[in-house]
Amino acid sequence: MKKRSAFSLALMLATAPLGAQQSAFHISNYNLTLDLPETGKTIEGKAELTVVRKARADTLVLDLLDLKVKSVLLGGRPATFTQDAEHIRIPMVGARGDTLAVVVEYAGAVTDGLIIGTDSAGRWMAFGDNWPNRARHWIPSIDHPSDKATVTFNVRAPSVLKVVANGTLLEETKIPLAADPDGSFGRGVQRTLTRWRESHPIPVYLFTIAAAPLVRYDLAASACGFARDGKCVSQMVYTAPEQAASMPANFKYSPDIMDFFTHLVAPFPYEKLAHLQSSTRFGGMENSSAIFYADGGFRKGGTAAGTIAHETAHQWFGDAVTEREWGHLWLSEGFATYFEEFWTRHAFGDSAFKAEMVRTRAQILRDPVVASRPVIDTTQTDLMKLLDANSYQKGGWTLHMLRTLVGDTAFFRGIRDYYAAHVDGNALTDDLMHAIENRSGVKLGWFFDQWLRRPGFASLTTSWRYDAATHRVVLDVEQGARFAPYRLTLSADVTDAAGAVHRVHVEIPAEKSARVTFPLDLAAPPRGITFDPDVELLAEIHGK
Ligand SMILES: [Zn+2]
């Protein structure tokens, strides 16, 4: 996702409870039927869950807040259950088999997760906004990123609303009033049943629906031959009706963004990609195959091209390959950040890419969270606080340095291997490390440890002199005491006495001070030396 602003982030720093996180049960499919009202926030729901028992356990625990469970069926028979403020507990004693059909009927006023409100014209609308663990406010679920599932949404809503969700549209059928005498809870309003099916497993935090007066615009077909079914990827934009004449101009880039990532990584993982104007609290939210963008960006006509690229990159990284634990969120946000920058380079050139790397490095160097916590932050229980410069910018920069270290060929082959091994599943940081190690032949434990498992960045003070006897430049590098020393490759452009520029690379050991000699024969002292000319090192460099 893209953060919207420091202000709105500050509003949502409520401590988030962790999910039921049970390992004994896995939900492989959700068949969700929702009745949405014409006004107000009361919904009715039926969750038909395919539950897989993975280990001996007596009780299935589902996450559900606020809404009241009316009944539970287990294998088609009424089952006992208990409900407290956060969970439904369903005794599984006597249930036979390893795959269990569980049906939960529930209802109530939704307070979060499904954001119900009215737009500026007073029209009722609802948008799912589940990250990180708010799906449990409207869907009985195992609400943890490690428990991925396919999902069908069957939504009955007033026909003035357009319903969009993950996956493929299965059905859009007006419900005869005669068959629905209480239509829209008794007001006799015409309603429509809309059904969508996501046939690839996704985490619950990416489940979503939109139910609002939306108008659809189709974008040019893209990535032909590189959709998962071998056809083209369909992309479309849904906006409020009054935005009809002023759809954000940057969606003109969406076909190119899709082409670029499919060729760089793998076929697009889902059935279509919709871009929606929404009421997400985030600047953009990467729901699988249905990206939600903040309403304000649409109204100002200014959804940034970078935001579109970032959320599109998430479809592969975060959505199709999902972090198994929240502490590894950089596998989602760091990838989206860096692949957005890759697209920037592709679309706007190398100088634009470098400018982005300079900008994000500056953000990292001045951010107190980078100095105090590691990127892989397994002790942070306030999940909203993981949306920080570590997960985004430093995660992206770690990929940048990894690519520099092993080279483009090994890097992209390793990334594709990592993706192929975990698509529709989960991964941890070591899975990425092993994939890059296999392709590069380089042991990378030290690299991942120093950049991801401890706080900080490199702080170098350089001083050099020309040795007339050997015709060499001798460089002294001091690493500041603020963080432990880093092992790194330092590149430099040496301008010789005649004005010619020579690129050199020297290996700096993880020591407080080091002396290295440049592999360059110079007949006279150089005019000057520029360190890290290609913006490849997450370091502050002070020269003397
Ligand atoms: Zn993101």
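Predicted model: local features only at pLDDT ≥ 70, side-chain atom pairs only at ≥ 80, totals over all residues.

Visitor: Which residues of α6 does α5 meet?
Guide: From α5, the residues taking part are Gly306, Ala309, His310, Ala313 and His314. Their partners in α6 are Ser332, Phe335, Ala336, Thr337, Phe339, Glu340, Trp343 and Thr344.

Visitor: How many nonpolar, polar and charged residues does the contact of α5 with α6 have?
Guide: The α5 side of this contact includes Ala309 and Ala313, and the α6 side includes Phe335 and Trp343. Ala, Phe and Trp count as nonpolar, while Gly is placed among the polar residues. Divided by class, the contact of α5 with α6 has six nonpolar, six polar and one charged residues.

Visitor: How many of the residues of α5 are buried?
Guide: A residue is buried if 20 or more other C-beta atoms lie within 10 Å of its own. The buried residues of α5 include Ala305, Ile308, Glu311 and His314. The helix is mostly covered, and the number of buried residues in α5 is ten of ten.

Visitor: What covers the buried residues of α5?
Guide: Among the buried residues of α5 are Ala309, His310 and Ala313, which also meet residues of α6. The elements that cover the buried residues of α5 include α3 (254-264), β19 (284-285), β20 (290-294) and α6.

Visitor: How are α7 and α9 oriented to each other?
Guide: Helix α7, residues 350-365, packs with helix α9, residues 390-406, at an angle of about 125°, and their axes are 9 Å apart. That makes the relation of α7 to α9 oblique.

Visitor: What is the handedness of the crossing of α7 and α9, and which residues of α9 does α7 meet?
Guide: The crossing of α7 and α9 is left-handed. On the α7 side, the residues in the contact are Met357, Thr360, Arg361, Gln363 and Ile364. By class, the residues of this contact divide into three nonpolar, five polar and two charged. The α9 residues asked for are Gln393, Lys394, Gly396, Trp397 and His400.

Visitor: What covers the buried residues of α12?
Guide: Helix α12 covers residues 445-452, and its buried residues are Phe447, Gln450, Trp451 and Leu452. The elements covering them include α9 and α11 (429-440).

Visitor: Is Ser279 exposed, partly exposed or buried?
Guide: Ser279 lies in the loop between β18 (273-278) and β19. Leaving aside neighbours within four places in sequence, Ser279 is in contact with Ile115, Gly117, Phe127 and Asp295. A buried residue needs 20 or more other C-beta atoms within 10 Å. Ser279 has 19 such neighbours, so its class is partly exposed.

Visitor: What is the phi of Asp66?
Guide: Asp66 is in the loop between β3 (59-63) and β4 (68-74). Asp66 is partly exposed, with 16 other C-beta atoms within 10 Å. Its phi is positive in a residue other than glycine, with a value near 75°.

Visitor: What is the omega of the peptide bond from Trp131 to Pro132?
Guide: Pro132 is found in the loop between β10 (124-128) and β11 (149-158). The peptide bond from Trp131 to Pro132 is cis, and its omega is near -5°.

Key:
Residues numbered from 1 in each chain as written. Contact = placed C-beta atoms within 7 Å. Helix = DSSP H or I, 4+ residues; strand = E, 2+ residues; numbered from the N terminus. Buried ≥ 20, exposed ≤ 12 C-beta atoms within 10 Å, placed from the backbone. Axes fitted to C-alpha atoms, helices over the stretch in contact; angles between N-to-C directions. Parallel < 35°, antiparallel > 145°, perpendicular 65-115°, else oblique. Left-handed = near helix turned anticlockwise from the far one by under 90°.
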